[in-house]
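User: Could you walk me through how to read strands and sheets in a model like this one? I'd like the general idea, then the case at hand.

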Amino acid sequence: MVPISTPHLYVSMLPFCSTYNSIAKSHAGYMQGMLEIEGTALDRQWDTLLVTWRFGNATRSPVISPDGSQIAVGEGHDVRILNASNGQPAFSPFQGHSGMVLSVRFSPDGTRVVSSSLEHTIRVWNLKDGTLAFSTIENHTEIINSVAFSPDGLFIASGSQHGNFSIRDSLTGAPLIGPLTEHTAIREVKYAPHGRWVATCTRNGIVTRSAADGKALQVFLANNSNAPYCSMDISHDCTRIASATIENSIYMWDVKSGQMLLGPLSPGEIAYGYEPFVSVSFSPDGSCLASSSPDRSLYLWDTKTGNLLDSSMKGHTDSITSVSFSPDGTYIISGSHDNTLRLWSVRNIFSGLEPLPGHANPIAFVGFSYDGTRIISGSIDGNIRVWDSQSGDMFLSCSASGHTGRVLSAHSAVKHHILSYSQAGLILLNFQTGRLAIGPIQLDHDRSIQSAVFSSDGNRIIIASTRNTVRVLAADTGDTHLEFRAPITSQSRWAHITSIASSPDGSRVAIGSMHYSFSIHNVHSGQLICGPFDGYTNKSSALAFSPDGTRIVSGSFSTVQVQDVQSGEIVLGPLKGHMGWVTSVDYSPDGTRIVSGARDSSICVWDTQTGEPVIGPVKWHTGAVNSVRFSPDGARIVSGSDDKTVRVTNVGRDLDFLSDSSTPTGTDWELSEGGWVKDKAGSLLVWVPPDLRTALTWPRTELLISTRGWLRMNFANARIGETWMECYKPPLYVSKLMIDAKSGRIYSNGEPDKGEYHNDHELKGVGEGSPTVLPQLTNFDLGLLECLIEGKSSTG
């Protein structure tokens, strides 16, 4: 942002800081005509993420030094030591490992760092001069997953992929205990803070061993789970052990009794495509537990009650490798496969904020009720929500007890039913009451359901498997009325069904395939009426009938096309604009428009007469769009996405609803890939931080539903463009402001101001621009400000 437009340090960065941010507070008395940010997202998201540092490789095992001044992290084959306040290197990278660094730890006195890697070595580095103290080779086949210093710094414990546990002298590297075999891979080793025992996290459980001789003392297991363990931590008072499994479940035990205290704790089901790894870390006072999640977020848990304290720490774009608290408990550091190191503040997480309703996992399906007053949404974990379509208030939240599966893209506005499917079978839920209507309906285990749809009268459910089979069920009983096979071609023995659609009169069903565009069948007999027809690409990923039943719109890779139902003739298209697979299509009730959503996050509204885009392609979402539907009056669309948000967007033909506050130029604006809000002329209006883009409402947005909250930009009084300099209002009697880097206080003309200073960070004084003493900035704030000015870090 800074290299492109330096003025946006003020125009963009300050408005998007929360009201609790000390830098924003320090500038508050000197700014005017700023962009106003409305909504609930700012104070829930921004202040938790302090800074993001980017590297060339994945970051692993980040840890903050005992005095809080440095950060050690493994990056590729190197160990990096960074200044904790600004992320600048304290030394040149420590090089010597020929394989990926897996584990890094500081010695208790902060003078050394131990590291292990894929190439079977353990290395200890001196932090006084950056030299290698010693290197050991465990053996020629051992991958050392984890290393840890003893609390007195005299010993190093290690655990290997082959399940071997060892303790060696930290000064010479000489082996003292082991290798002792755990039989399964050791994921992590940690000394208890009092130093009397060591805990190892293996695939099969948590084992504590005597630090004196290595003998096994206890084994901690979860009674209701066979999932492999992947991470663990020990509370500072040595009374509790927490661990996580690859099933995204967290457990906690009492060390003395071995009794399970909490678990399983989980923020949600593991979504398809997300990495099943979870890292855990106790806060120094033991009151909360930090955990990563397969959805690339961080969570805070109350260690007494198991309640989720915070879920606002989002921003990583790939799987998280490790999380850990700072020694003073005010920060959390996380590493990731997205090649970033992120530092989060837990000082600014306010437990008084009520969690916002929404989905914790990607949204698979959205739709309107028949009267347009309700929105139904379902996520891939099987949770279903019903919302007021005007206010966004949650009307109902439901899922079948003990049923966790994916929600199929089907609901019946007439019967108020929605489908959910898992290995347990197919169920129908009433989205007005949340009660189970039918099911579970057992289906053949060798048939994987690909798509489902209700008939227009809601009396039948039509289900297609990925191979050939189409089944028609009675919606009131679940009984099978009909089963038939989709056509196959010479290309394959299977049809590879991708989508199905029911005709408006409910008499026909269209079947899409990877090998042809669609075929039309009688829903009562299964008889092939016409087709299969070829299309532009002969692959159809989404289908929808026109309101009069004479045409079918289909989506494929990056294209949309309309074909005649009887002849298969392409009457419109291919319509090009998307850059990925089109996942969902729908006709407006009057048949004049088509909406399409795609994996590239884009949505487009097309004119059915000309094929021209009426709107888009535009990326209102920050993740793949999985479902789009028109409202019954055709004035709005609802969309659901992998970014876990539901959006309701005005797609009216005119822009009369646009106001001066929502757009400064009277026309719609766009958000570029880099986060710049641009008007139709391409002028830069404002830059939006990455972590707030998901919560951003556009001029056409009427409703945004998300656990992250929402924000709207108010341009009514904003000094942007050529007038941006008017946003700064310097004090009349201060000709030069200086910041003392040590104290964080403001000086004028080189002399300290005499204003009143308050530790509560409130500005005190009388009159405009008073006082000239600003809130004292922490060392971290000053380092962050330095990074911002130099453009060497990316924040929030």
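Analyst: Strands here are DSSP runs of E, at least two residues, numbered from the N terminus. This is a predicted model, where local features need pLDDT of at least 70, side-chain atom pairs count only at pLDDT 80 or more, and totals for chains, interfaces and linings use all residues. Residues are numbered from 1 along each chain as its sequence is written, and side-chain values use heavy atoms, with hydrogens and water left out.

User: How many bridges join strand 12 to strand 13?

Analyst: In general, strands of a sheet pair through backbone hydrogen bonds, either parallel or antiparallel. Here, strand 12 (residues 164-169) runs antiparallel to strand 13, joined by four bridges; pairing takes at least two bridges found by DSSP.

User: Which order do the strands of that open sheet have?

Analyst: The four strands go 10-11-12-13, with antiparallel pairing. Strand 10 (144-149) and strand 13 (175-181) each have a single partner strand, so one side of each edge strand lacks a neighbour in the sheet.

User: And Glu-75, is that buried or exposed?

Analyst: Buried means under 20% relative accessible area, exposed over 50%, and partly exposed in between (1.4 Å probe, protein chains only). Glu-75 comes out at 5%, so it's buried. Glu-75 belongs to strand 4 (residues 70-75). The C-alpha atom of Glu-75 lies 5.9 Å from that of Ala-58, 17 residues away along the chain.
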